[in-house]
Amino acid sequence: MAFWFLLVFVLGSLTYLMMQHSVARATRTPIWLLWLVLMTPAFVLTGWTLVHGIKQAPPSALILWISGGCLLLYWLLFNRGRQLPVDPQNQSPENQGQASNNSAQETVPVRPIDLAEESQLRNCFPWSVYYVQNIEYRPQAVICRGQLRTMASEAYEQIKANIEGQFGDRFLIIFQEGINGKPFFVLVPNPQVVRQNNHRDSEKITRPGLALLLLVATLFSTTFVGLRIAGFQVNSLESYLTLFFNGVPYALGLITILGTHELGHYLTARFYKIRSTLPYFIPIPYFLGTFGAFIKMGSPVPHRKALFDVSIAGPLAGFMMTIPLLIWGLAHSEIVALPEKTGMLNPNALNPQYSILLALLSKLALGSELTAKSAIDLHPVAVAGFLGLIVTALNLMPVGQLDGGHIVHAMFGQRTAVFIGQIARLLLLMLSFIREEFLLWAIILLFVPLIDEPALNDVTELDNKRDFMGLMSMALLLLIILPLPQFLARLLQI
């Protein structure tokens with residue numbers, strides 16, 4: 001019992017420190033309130049343990065709904081206090097341009113351009129490349145409208161070079177699609193220059209010490225959860241000694257999958273010279289042992305090609321790590337009788353028909369042992385692999401600021417991506433009437449903003465190879481979330 005309270009105290013303290021570092025500057029909502037909401041499931045679980053004892057685990061549905069509800073409440077409180085006061089869904093394309101590069105995130109007015117500088121600015125737009133018709137001045141942007149007369153990629157590169165030649169690194173040059181289908185240029189203050197002028201070190205974005213501390217804390221919390229998955233209770237010296245032998249397989253499997261996912265984003269961002277933090281894990285002393293990991297990018301994405309590559313690299317890397325771990329874990333799992341009612345988060349009797357991909361991998365790993373009346377008592381590594389599939393599917397949802405939302409944005413443009421996100425929300429809500437496990441997913445997606453930040457060159461389209469990869473990522477999403485059809489179940493004899 002003392003071990004549990006010590007774990008909650010240590011991880012709660014680390015969570016508060018991490019939120020002070022990463023969240024305080026992004027919202028006006030008090031950090032103590034956000035921390036209290038995030039830690040509520042741990043407090044509820046602690047209270048349950050006090051009343052019922054450590055040997056009686058709380059119902060999975062209780063932890064699931066409390067965790068989901070607290071995440072939604074956290075999201076609402078965070079966004080209500082966000083420093084960006086304007087709702088992007090109600091912005092004009094021009095204002096979307098100026099809001100898109102608040103990624104640094106001081107809001108500073110544009111230094112007025114005098115008549116001589118305006119003449120220089122107009123000269124940066126050759127009539128044979130982009131014929132400027134008018135220039136508008138906004139508090140935080142200069143908007144240049146006109147007619148595109150050449151390829152979008154060539155126009156952006158040439159005009160960007162011309163403006164940098166005249167004004168140096170004073171502006172970020174954004175190229176966006178207009179409502180009328182005509183692309184326009186937006187010049188916004190370069191936040192990196194602002195930080196340098198304010199004598200702030202703009203290079204210290206990565207904090208290896210913090211990343212390592214959170215990794216160790218998450219290893220500890222997921223090991224504790226893995227111990228419980230393996231069927232052990234931490235209530236004696238023997239339990240402590242068996243901790244690292246029975247809890248670590250789950251912990252290492254899950255951390256490897258999540259870490260590989262975020263490293264995919266991080267390394268690709270570095271390839272495109274996008275400033276980003278190291279992966280930061282979020283440890284929690286209940287449920288799965290972690291809320292996942294994240295990186296934070298500190299500079300804008302240069303073009304839709306980079307947006308696509310950075311976005312797809314995470315799910316692709318995580319999925320490539322998930323498959324071998326899941327197959328190994330399934331091969332070391334046990335076959336049990338199929339109960340009358342099975343749930344998504346019941347690792348002791350998982351129905352392999354939950355998804356097409358899970359069924360195929362289960363049959364590959366278990367062969368003829370798996371029948372139509374069988375369920376799988378998952379090995380801890382298989383639990384981690386199954387969670388890796390869920391994480392991949394959730395991230396590939398083509399909605400707003402999720403990886404899938406970035407992918408469809410890069411493929412089809414921002415306006416079409418918003419429409420696709422709305423359709424995806426509706427389809428998942430309809431699917432939740434058939435598969436109740438998806439109701440929580442559908443609720444979460446309702447609170448994910450449909451509009452993400454555009455790239456600097458948000459007009460130039462992708463090549464055929466990336467379009468094909470994007471379509472394959474959507475096919476992978478369907479393979480994970482759709483249940484196994486009966487004709488295929490008969491073919492596989494499961």
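1. The protein chain contains 18 helices and eight strands, where helices (H or I, at least four residues) and strands (E, at least two) are DSSP runs numbered from the N terminus. This is a predicted model, in which local features need pLDDT of at least 70 and side-chain atom pairs count only at pLDDT 80 or more, while totals for chains, interfaces and linings use all residues. Residues are numbered from 1 along each chain as its sequence is written, and side-chain values use heavy atoms, with hydrogens and water left out.

2. Of the 494 residues of the protein chain, 51% are buried (under 20% relative accessible area, with a 1.4 Å probe and protein chains only).

3. P315 belongs to helix α11, residues 304-331, and is buried at a relative accessible area of 3%. Beyond its neighbours within four places in sequence, P315 has contacts with H261, H265, T392, L396 and D403 (heavy atoms within 4.5 Å). The C-alpha atoms of P315 and L396 are 7.2 Å apart, although 81 residues separate the two along the chain.

4. Aromatic pairs number 11; rings of Phe, Tyr and Trp (its six-membered ring) pair if their centres lie within 6.5 Å, and planes under 30 degrees apart count as stacked, over 60 as edge-to-face and the rest as tilted. Y130 and F185 are edge-to-face, at 5.0 Å centre to centre and 85° between the planes. Y130 lies in strand β1 (residues 130-138) and F185 in strand β4 (residues 184-189), so this pair ties together parts 55 residues apart in sequence. Both Y130 and F185 are buried.

5. F125, Y130, Y156, F175 and F185 form one aromatic cluster.

Note on methods
Buried < 20%, exposed > 50% of the residue type's maximum accessible area, 1.4 Å probe, protein only.
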